[in-house]
Amino acid sequence: RSNLEKKPEQCLSVPGFTAMKERYNKIALQFTDLDNNLKIFNLEGLDAQIAQHEIDHLLGITIQDLAKS
């Protein structure tokens, strides 16, 4: 992880709502696939921002929750 950047963010779950959110510009996303193989993706820019946004969804965090913090 490196370089926190604050950018506007939107979500298709809440049309028309925009929040400023700090996200890392570069991340390493590590997971195991369905065959239990370890995978690591190095993401940056918009790809990193989207991955972090979607991980928030998996954790039950919405864009409105982020706007409050």
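This passage walks through the overall build of a predicted protein model and then its charged side chains.

The model is predicted, so local features are reported only at pLDDT of at least 70 and side-chain atom pairs only at pLDDT 80 or more, while totals for chains, interfaces and linings use all residues. Residues are numbered from 1 along each chain as its sequence is written, and side-chain values use heavy atoms, with hydrogens and water left out.

Let's start with the whole protein. It has two helices and three strands, and reading along the sequence gives the pattern β-β-β-α-α. Helices (H or I, at least four residues) and strands (E, at least two) are DSSP runs, numbered from the N terminus. Taken along the principal axes, the C-alpha atoms fill a box of roughly 40 × 25 × 20 Å. The accessible surface comes to about 5,200 Å², and 52% of that belongs to carbon and sulfur atoms; such areas come from the Shrake-Rupley method with a 1.4 Å probe, and for residues only the protein chains shown count as cover. Of the 69 residues, 25% count as buried. Here, buried means under 20% relative accessible area, exposed means over 50%, and partly exposed is in between (1.4 Å probe, protein chains only). As for contacts (heavy atoms within 4.5 Å), among those between residues at least 6 apart in sequence, 36% join residues at least 24 apart.

Now for the charges. Lys and Arg count as positive and Asp and Glu as negative, while His and the chain ends are not counted. The protein has 8 positive and 10 negative charges, and their mean positions are 6 Å apart. For this, the place of a charge is NZ of Lys, CZ of Arg, CG of Asp or CD of Glu.

Four salt bridges turn up in the structure, a salt bridge being a side-chain nitrogen of Lys or Arg within 4 Å of a carboxyl oxygen of Asp or Glu. One of them pairs arginine 23 with aspartate 56, with the closest N and O atoms 2.8 Å apart. Arginine 23 sits in strand E2 and aspartate 56 in helix H1 (residues 46-58), so this pair ties together parts that are 33 residues apart in sequence. Both arginine 23 and aspartate 56 are buried.

Another salt bridge joins lysine 7 and glutamate 5, at 3.2 Å from N to O. Lysine 7 is partly exposed, with a relative accessible area of 32%, and glutamate 5 is partly exposed too, at 30%.

Aspartate 33 lies in the loop between E2 and strand E3 (38-44). Its side chain meets that of lysine 39 in a salt bridge of 3.9 Å, N to O. With 24% relative accessibility, aspartate 33 counts as partly exposed, and lysine 39, with 33%, is partly exposed as well. Elsewhere, salt bridges that share partners link Glu9, Arg23 and Asp56 into one network. Back at aspartate 33, a polar atom of the side chain lies 2.9 Å from the backbone nitrogen of aspartate 35.

Finally, there is lysine 21, which is found in strand E2 (residues 18-32). Lysine 21 is buried yet has no salt bridge; aspartate 56, the nearest side chain of opposite charge, is 5.8 Å away. Leaving aside neighbours within four places in sequence, lysine 21 is in contact with Glu5, Lys6, Lys7, Glu9 and Leu66.

Methods
A polar contact is a pair of N or O atoms within 3.5 Å; within protein, one must be able to donate a hydrogen and the other to accept it, and residues adjacent in sequence count only if both atoms are side-chain atoms.
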